[in-house]
Amino acid sequence: MATLDQLKSALRGTAAAIVPGRIGSPMTGIQYSDGFDIFTRDSAWLTYQDFIIPQLSRQLAPLLDSLTHVSVLEIGPGPKSVMGYLPDHQRNKITRYNAFEPIHLFVTRLETWLRGQSEASVPPLPGLQTPAIIHRAGFSKSGSKNVHQPNRSNNSTAQTHDNTKFDVVIFCHSMYGMHPKRDYIARALEMLKDGGMVVVFHRDSATMDLDGLVCSRTACFPTGVVSINDEDEELDRFTRFIAGYSPGSSVLAEWRQVCRSVGRKTKASGHLEFSAPDIMLAFNKHAASALPDLLANVPSEEKSMVRIKNRTARLRRSAAVVRPTEIKHVQYCVKWALKHELGLTVVGGSHSDHCIWPGIVAVDMSAFDSVHVLPPGVGVGRTNYPDTGSLIIAGAGSNTGDIIKKAMAEGLTVPLGSRPSVGTGLWLHGGIGHLARLHGLACDAILGALVVSAASGDVMCVGYVPGSHAPADAIRQKDDGDLLWATKGAGSNFGIVISVTFKPRQNPIYWTWNRVCPLGKSVVNARGMLRVYDREAKDLARSFSTDAYLYFDQGGLQLGESVYKVTSPTPDDAPAAINELQAEMINPWMVPRKNFEVKNAVDLFDTEMYMSAMHGGHAGGKTSAFKRCVFLRSVGDADVGEILVKALGSRPSPLCYFHLLHGGGAVSDVPPATTAFGCRDWTFACVVTGVWSRGQDDTETSRAVVRWVYDVVEKLLPLCTGVYAADLGPDPRDAVLAEKAFGPNRPRLARIKRTWDPNNVMAYSCPLPTNTAPMEPKLIILVTGESGAGKDYNAAIWTSIFTNKGYSAVVASISESIKRDYAQATGANLNLLLSDRAYKEQHRVALTTFFQERAREHPNLPRDQFLQLVYRHAEVDVLFITGMRDQAPVCEFSHRVPDSRLLEVRVTASPQTRRLRRGEGSEPPNVQTYKDTPLPYRPSLTFNNDDEAPGKEGPIKFANNHLLPLLDDKLKKLASMVRTTPNFPRPGINFRHILGIAQQPGGLSLCTSLLQQHFSGDWTKVTAIASCETGGYIFASPLAMQVNVPMIPIRAAGKLPPPTTVASTPAAEGGQKKEPEPTAKIELNLDALPLPGTDAHGSLAVVVVDDVLATGRTLCAVLQLLVKAARISVENISVLVVAEFPVHRGREFLRQQGFGRVRVQSLLVYGGA
Ligand SMILES: Cc1cc2nc3c(=O)[nH]c(=O)nc-3n(C[C@H](O)[C@H](O)[C@H](O)COP(=O)(O)OP(=O)(O)OC[C@H]3O[C@@H](n4cnc5c(N)ncnc54)[C@H](O)[C@@H]3O)c2cc1C
């Protein structure tokens, strides 16, 4: 199936051969319209439906959301504007519409269309406030010629001037006759209002030379198809339109033949199909001016493009390839992208197809190619790094071969992949190699990374980076767990990695053995052999790894195998290793190609079967390849075998094959949520490998091979346990695959992406979910308490109360996965452990010990288990979690789920009740009165099973009073009063204007009544409300009036008359900011409170009211004033805030400062800063 570009060249070439030097006449309006129609119907319409309309809507969304009136200029809309297909809420915002349309016939139709189908129907652009202006002219690249024959619909007489500015200028398939296209886009950019956008859709991407213009976003639609009836008249309409003119009848007749020979004929309908890939290029006002600034500050090199390994990437036209040589250059790139609202691609080893993207600046990291091996002890310099072994620091421009070579010289190695030229993309996304079964994936060996943050352009040490390999101004995050976690499997999404710290292993040697089994042509035979191979591979010890190749050669299917036995480098091991190889590899049908060979890590690169043996070593010539990789538990299953074998039968190029990389072992030891690489349950990584010879680049063969790869992967998707993210990029065909990458970790990754790359600078890596999908339940309630207190019983009742009110609610047990592992390890009965109380009690002690051991091995286990449950139930409204044993879990975890309200309900019961519930019989003799074990922190709510009404009444009343109000509509109404201002006060911050509630009619009274109702203490026992200027006063004053208690103002020191007491806001340390925030002094007038020692002081209870809880520094100073200076007990202090931003970990800070027993409540909770 030829592309439309190729067809156009073929048509013009044919015409030139028939009538040299003469092209025909221009098309008439009718001829143009006939051709145009073909492109807006049937299969061609799918390009609009699946690509143009959704992309346009997505690109314009931020602009349309921020404006109430939008003006649009459309160039060459044809008889209808594509703007008319946007969703209602977007179309309604278009208040002004201008167009340039040179085809008169279209102008008339466009005017009719803009008026609506009939008098009664709603027009397609219903928000127009002035009549649309349609110029019966082409759009000119020089401004003065733009105004030409203004033609107003509705007979209006308004004029369009050259300097008229628009919010949106759109070229939707209207650039074909415009040369050079850059000048037309530049002219359109001049016509933009501040913040406006030019959007171009175009089919002929090869001719799209932007020459210095930079795109803010680009997207592609490689699967577009135009299908036409194979009839002479239709072919004439079509060919005239494609060639761009009307020739004589002899040429037309030849053109029909050209179509029939290069088009693909569909069997069913007899249509001819042509490939019509589409691209979208969006530009903002910086498009023309941004690049010189970057090129003046960051080195670039022409040769950069030459070294790009991936052919698809190499054929693309980036806006520029810069080649930073210093970290500050990389920072400049990111800051430049942030300043100009642009994206970047990054080039590591350049093996992926998305390291270069049309119209986008590529950052080539090849200058950072150093590899350092640090001997034991040298890397130590940060106290929380426990290991003093050797370290390897690999620059982002180094490749697998560089690292292995350097490490080997020191007797070390890193578990990387099998090709020496593959680069950083491998270890950032996983990294599967021959040591994976023994030592895990490459990403598992990552201890830290030096990263230029996509959010700020700052250099950050993520995890462990030795001081000697980090610049002095690098920021060391206090809590960088999320980023280190994300770097191990999805590391290309959050910033530009400068270097990675690896924990190396001892350098082994490899015994290798290549074997082949000819399978002939029988599908049954092939499936049978895969079954045998599968069984043998699964039984192998971890020091073995077997890669298989399923391919066609010498007239039949072949199953090739490369076996690797990893041993220590001592020569004495040789006989034992050979014996072991022979004993383990017993498959009698496999015929050895060579005898055993012993290789070191570097020589091993050349022994791969697909490099040396298969197809005679790439059929003796240069080839290009396209791969996608899925994870399979088994290749012995009949379904999998059938797909693989049949797919090879339909391969479009003889060189296509399947490569099975051996997994299991240490890869599967790591729980899925421990690193971002969440797909751990597989024995084979099946690389569907499409190969064609270089001479076939950009031909129908290469396109068919790519289609074949996607088709095969689609068939394997239902049978696989995951997809390898390393190969995935912004190609729309990857979107469905990306949904299966990262296992259960996608929601967490989406949140980290939102925090660490809020402007989507790294937009062209493996796609993470967009933030529109719910990522967490609205309300997460941790039900805690001692064993037998009634946690599960009450959680079940509370769940039913929410479901009765129409909410979705579930209870999940944090201990379930531990119970599952425990059952597996000990042979205990999982079902009984989950459902039978008495059985569970029998195993309680052993289970606790088991959990403690697991937690010692995986220090983040509790957090990972918590997040796994949250993400598994992301779509419910309310999630109850039982079985958590952590201290102060709300302080500990709320920043991990910042979009949810997280609270802890502690269920208490007397020892007697608990004994009875546990089935331990009657009360022990010495228990007289009951007190719950005192906690060093205050749970959000306490439910006393003994005190409350009997049976279900108590929990029902509790839920009605304390839990259901948390989803109250009035809270939603309050939330709707908080306006969000994007990128204020700096890029990446979505500013929530909490004080703006007071500006809304009824806002203050609503907020006051909610603060009063939601307070979980007793207002009648409150002596005073305290508040610190300024935000707090706004909400504290009306509340104090409402509940009729005095309000105590706390002010900056020096503003209140004596006697006063003063406290300082604690210094902020270790946060994202380089400089600690300055401390401030605040004071309280002591006359406001009864003196310590008086009766009245003894019963003092104070509620502190504030607008926001973020870092907690101001609140901390207020609490210090109340506790230390005014001697009020922490038990008698509560904090009520209107809005909380959990990412700043304010609660945890207060707890660390000794205020863990202070009750803290908030009305609204916001994710983000
Ligand atoms: C011939 C061949 C052999 C392969 N063998 C293996 C194998 O044995 N094991 C295995 O696991 N995989 C293998 N792969 C897959 C390989 O891991 C991926 O293609 C990987 O993405 C390539 O990384 P790269 O750096 O070479 O490519 P690039 O195209 O340069 O980078 C890949 C992605 O990583 C991003 N990236 C690169 N550097 C950085 C950086 N410094 N900061 C942020 N993002 C960055 C890029 O932007 C891009 O999105 C192989 C691929 C090929 C083509």
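Contact here means heavy atoms within 4.5 Å. By that criterion, and leaving aside residues up to four places away in sequence, Arg527 touches Ala638, Gly641 and Glu642. The model is predicted.

**Ligand site**

- The shell around the ligand holds 30 residues, of which Gly348, Gly349, Ser350, Ser352 and Tyr724 come nearest.
- Sorted by class, this shell has 15 polar, twelve nonpolar and three charged residues.
- Two or more residues of the shell come from each of β13 (344-347), α13 (424-429) and β21 (495-502).
- Helix α13 gives the most to the shell, with five residues.

**Arg527**

- Arg527 belongs to helix α16, which spans residues 523-539.
- Its contacts include Glu642, along with Ala638 and Gly641.
- Val645 is 118 residues away from Arg527 in sequence, yet the two C-alpha atoms are 7.5 Å apart in space.

**Helix pair α1 and α7**

- Helix α1 (residues 4-18) and helix α7 (residues 232-243) have axes that come within 9 Å and cross at roughly 95°.
- Angles of 65 to 115 degrees count as roughly perpendicular, so α1 and α7 are roughly perpendicular to each other.
- On the α1 side the contact is made by Leu4, Leu7, Lys8, Leu11 and Arg12, and on the α7 side by Phe238, Thr239, Ile242 and Ala243.
- By class, the contact of α1 with α7 has six nonpolar, one polar and two charged residues.

**Helix pair α24 and α29**

- The axes of helix α24 (residues 746-756) and helix α29 (residues 861-872) come within 9 Å, with a crossing angle of roughly 100°.
- The pair α24 and α29 is therefore also roughly perpendicular.
- Pro747, Arg748 and Arg751 of α24 make the contact with Arg863, Asp864, Leu867 and Tyr871 of α29.
- The contact of α24 with α29 has four charged and three nonpolar residues, and no polar ones.

**Backbone features**

- Most peptide bonds are trans, and most residues other than glycine have a negative phi.
- His179 and Pro180 are joined by a cis peptide bond with omega of about -15°.
- Pro180 sits in the loop between β5 (166-172) and α6 (181-190).
- Another cis peptide bond joins Pro1058 and Pro1059, with omega of about 0°.
- Pro1059 is in the loop between β40 (1047-1052) and β41 (1060-1064).
- Gln554 is not a glycine but has a positive phi of about 50°.
- The loop between β24 (544-553) and β25 (556-567) contains Gln554.

Notes: Residues numbered from 1 in each chain as written. Predicted model: local features only at pLDDT ≥ 70, side-chain atom pairs only at ≥ 80, totals over all residues. Heavy atoms only, no water. Near = heavy atom within 4 Å. Helix = DSSP H or I, 4+ residues; strand = E, 2+ residues; numbered from the N terminus. Nonpolar A, V, L, I, M, F, W, Y, C, P; charged D, E, K, R; others polar. Axes fitted to C-alpha atoms, helices over the stretch in contact; angles between N-to-C directions. Parallel < 35°, antiparallel > 145°, perpendicular 65-115°, else oblique.
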